Amino acid sequence: MTGQSQSYGPAAALAHLIEVSTSSAATGAHLVTVVGGAGSGRSTLLRRLADAHREIHVAGRVLSAQGLPWESDRAGGIGDQLLPDDGTDLENTLAAQPQDDEGRTPILLTIDDAHHGDAASIHEVLSILVHHRDAPVLVVRTAPPDARLPDLAGAQTIQLTGLDADELTALAAEYRIVLHPVTAARLAAHTAGSPRAVLAMLTQVPRTYWSVPDAGLFAPTFLVDDVRSLLGRCTAQGRALIEALAVLEGDSGGADSLTTAPAAGALTADSLTAATTLGDVTDPLAALDNAIASGLVTIPPGIEPSRSAPRLRSPMHGAAVTAVMGLEATGALHRRAAEIVTDPARRLHHLVAATPVAEPALADRLEALARKLGTDGEWHSAASLFRQASRLTTDELLRDERLTRAADALLAAGDCGSAAALMPAVESLRETPLREATLGYLAILRGRTAEADMRLDRAWAISNAERDPEIAGTIAQRRVLLSLARCQGSELVSWADTAIGIVDDGSSANTEASVIKGLGLAWSGRPAEARALYDELTDSVGHGAQAQRVMMGRGWMEFGFDDLDSARSDLEIAVSMAQLRGSSRITQWALAWLARAHFVTGEWDLALAAVGRGRILARTSGIALITPLFEWTATQIHALRGDWDSARAALAASAVTEGSCEIMQVPTLLARASYAEAAADYGGVREALTAVVPLARHATGLSEPGFWPWVDQLANALVLEGRPEDADALLAPHEERARRRGHRSAQARLGYARGRLLGTTGDLPAARRAFEQALTDLEGLPLRYDRARVNFAYGQTLRRAGKRRAADEVISRARDLYQSLGAQTYVARCDRELRAGGLHTTVGSRDGVNLTPQEQAVASLVVQGMSNREVAAELYISAKTVQYHLTRIYGKIGVRSRAELTAVWR
């Protein structure tokens, strides 16, 4: 295929083709080839495109044909199918210019399986497109990837990719099947998104089968039949190699699988040795050639024999191979694999796969490995091991404990969705400290403060640190997490010390409590101790999944301390560590604060990219705790850019329920305030952020400089609403704290609010000193957004004091900064300020009526529907001054009301 080539999922491909079809009325003829393998949804895509075309273009036409293998040599076979019913020939039909009320109506021509079409018809269609380039025609044909079709210059090829999890969920909904989000993601990976395979699997079992996150994955019946036929044509050695690969790569995909086992396709060249040994393959290269020829095994093209890394086509093909083998043969091969592989986790994986009944000794081995992996922070793998250990345990109490530990490990990994599948069983168990700690953990991750507090109180009351220090330490560490969620610095440090004092050094509870203690120290006004602790942790926890927690906590602390370069670096490292079996929960925290770091430094596209990744993780993990942090950043950027629809969507997504923890409530309130401030609704800013004041009385982390920038926004709104005394009372203690900490960016933010306040009281020299000091505090810090805010407030204060030339210079600086950020909302506001200053504008005129620049600015805002108070806040003048200008405007233009002014102005 020549021309442009792009990859789309089925839904995106349909949307793109509808767009091309519609645009052909203006741009002329188009040829698009849709390429996809068997079961990729090529035919379904054409049917849906035809239906959409008929719905959108009532007067439009759809001509369709189907290529058939036995008709490929019959000249005119495709052309005869395409001939319209009215008897006109194909060329006249496609060259016609059908019209509707809005102009030309596009024609859609589809050829399914064009590779089976006769050459004469295919060439006829292409010739018509060449000779009638201006015709409003879209020709869409489908073919498999290896097809060779005649093409045209400038034609487009669409490579159909598989269904993603969202598209798969939508497909299931069409069949009234509720697909759990975790299972949707697993099923998409298992089937490579093949619509045919997905649909077959969805309808092969009862609908309720798919509503849980741990649904076992299998191969659809049609694929099992195909694989049985392919295996039957293999040599004995080729088949043995394929079966060995299926067992070595295999993973049932459910909660009972061991995620320490390699995923399908993960084998290396060294693993071929294990496969040939397992399958008793005496001639590896001959067996490999035969396996590849079957189509069940692939290797990278052009690889030399010594570097061959064979793999099955997909996990689904592996499941089909073991289905053909049968349970007894598969179990026997798993037992033999356990004797061959050297990795302890993989050995246990094979033993478990071959063991259908309880086996206490094997269960003990699984638990021992699970505890080791949990200590290293590899919680997902530990969860699978605990779950398997529970299944193989005969002692009822021990079985319950292991099941609870499996759920707890899933929560530690940040997989609330999978943990939720186990929670009904956990809740039905007898009350134990571990059970209550696990249920409290889930409540924390979902932001349910009261329930978490109650559960952990009960767990602590019935625990015994001397008899079971591990459980007591875990409960104390969960108290650390709850204190983090409530932004309580001193309580956090106290519980962290309790946990550290109970559990052994190097345990997971000890490490996580220590990591979060650093944030508690930072929130308690002990920055030097916080830095020293993270230095120590960085040296002692230098590798493994636990290192991700250290890098995340350290990056979060550095962000709050204005060390932006280090913060970005450490947070990016923490995000990248997710691939090393890190925790989804920790990755989300890292992404949330990385987005904030990118925001304050002006890298807004990177911030939104981090938000996008975080949203996906939040949705798939089921963790609600961190979502408001992502949506705060998204709301703020979209509002500043003037993308109000996206800002409103993010603001709605940030909403939390009553009783949510502070670390959810505060970002939500900041998102509301940021949206209101961008809209010059300072009453909305005040209303949102006043709610933070009582929260900050018991949550010391909210008042510590550098982390939560609510004080300056609220003080600014109070000043602009004419409440300077309230603003002064708010600012004073926070200014003193920022000075004691030597926190430069916090002093700058509070300084611009103080400058506004002083300007309002008429003390311009003091106001100028406050603004200049704020700019000095920001020198050397990469905080472009903060510099823009300070300059904007400074310029408005100067203009109100009548210092127009100085105001013009400062506001121009602010405008340049906002322009570089893409903050079009404030660029426009700066432009209005510059016009209102009048130094670089001439007296305006509307139908011969002269208005001063200030009158022009007032009138333009009034006709937008702003009240006098809102106009006053926007232009930083008093409401009485607005009314004075309005009276003069009415008199000059000859109107008597806002409505009449609006009608004349427009």
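## Cores, helix packing and salt bridges in a predicted model

The largest nonpolar core has 192 residues, and those with the most contacts inside it are Trp708, Trp710 and Tyr818. A nonpolar core is here a set of buried Ala, Val, Leu, Ile, Met, Phe, Trp, Tyr and Cys residues joined through side-chain atoms within 4.5 Å, where buried means under 20% relative accessible area, exposed over 50%, and partly exposed in between, with a 1.4 Å probe and protein chains only. Helix 28 (residues 584–600) gives the largest share of this core, 11 residues. Trp708 touches Cys487, Trp593, Leu629, Trp632, Ile663, Val666, Pro667, Leu670, Gly701 and Leu702, when residues up to four places away in sequence are not counted; contact means heavy atoms within 4.5 Å. A second, separate core of 51 residues includes Val281, Ala320, Val321 and Ala337. In soluble globular proteins, nonpolar side chains tend to be buried together.

This is a predicted model, in which local features need pLDDT of at least 70 and side-chain atom pairs count only at pLDDT 80 or more, while totals for chains, interfaces and linings use all residues. Residues are numbered from 1 along each chain as its sequence is written, and side-chain values use heavy atoms, with hydrogens and water left out.

### The chain as a whole

The protein chain contains 45 helices and 12 strands, these being DSSP runs numbered from the N terminus, with helices of type H or I and at least four residues, and strands of type E and at least two. Its C-alpha atoms fill a box of roughly 95 × 90 × 50 Å along the principal axes. Of the 906 residues in the protein chain, 56% are buried. Among contacts between residues at least 6 apart in sequence, 68% join residues at least 24 apart.

### Helix 29 against helix 30

Helix 29 (residues 604–621) packs with helix 30 (residues 627–641) at an angle of about 145 degrees, their axes lying 9 Å apart. The axes are lines fitted to C-alpha atoms, for helices over the stretch in contact, and angles run from 0 to 180 degrees between N-to-C directions. On the side of helix 29 the contact is made by Trp604, Asp605, Ala607, Leu608, Ala610, Val611, Gly614, Arg615 and Ala618, and on the side of helix 30 by Thr627, Phe630, Glu631, Thr633, Ala634, Ile637, His638, Leu640 and Arg641. By class, this contact has 10 nonpolar, four polar and four charged residues; Ala, Val, Leu, Ile, Met, Phe, Trp, Tyr, Cys and Pro count as nonpolar, Asp, Glu, Lys and Arg as charged, and the others, Gly among them, as polar.

### Salt bridges

A search of the whole structure finds 50 salt bridges, each defined as a side-chain nitrogen of Lys or Arg within 4 Å of a carboxyl oxygen of Asp or Glu. Three of these pairs are listed below.

| Pair | N to O distance |
|---|---|
| Arg141 and Asp151 | 3.4 Å |
| Lys517 and Asp497 | 2.7 Å |
| Glu721 and Arg686 | 2.4 Å |

Arg141 lies in strand 7 (residues 137–143) and Asp151 in the loop between strand 7 and strand 8 (156–160), 10 residues apart. Arg141 is buried at 2% relative accessibility, whereas Asp151 is partly exposed at 22%.

Lys517 in helix 24 (residues 508–523) and Asp497 in helix 23 (residues 489–502) are 20 residues apart in sequence, so their pair ties these parts together. Lys517 counts as buried at 18% relative accessibility, and Asp497 is partly exposed with a relative accessible area of 38%.

Glu721 sits in the loop between helix 35 (711–720) and helix 36 (724–741), and Arg686 in helix 33 (residues 682–690), so that this pair links distant parts of the chain, 35 residues apart. Glu721 is buried at 16% relative accessibility, while Arg686 is partly exposed at 24%. Salt bridges that share partners also join Asp364, Glu367, Arg371, Glu401, Arg402, Arg405 and Glu470 into one network.

Glu662, in helix 32 (residues 662–678), is buried with a relative accessible area of 3%. Apart from neighbours within four places in sequence, Glu662 is in contact with Ala485, Arg486, Cys487, Pro667, Leu695, His698 and Ala699.

Asp113 has a phi near 55 degrees, a positive value in a residue other than glycine; Asp113 lies in the loop between strand 6 (107–112) and helix 5 (119–131) and is buried at 15% relative accessibility. For Asp280, phi is likewise positive and near 55 degrees, and this residue is found in the loop between helix 11 (271–278) and helix 12 (284–293).
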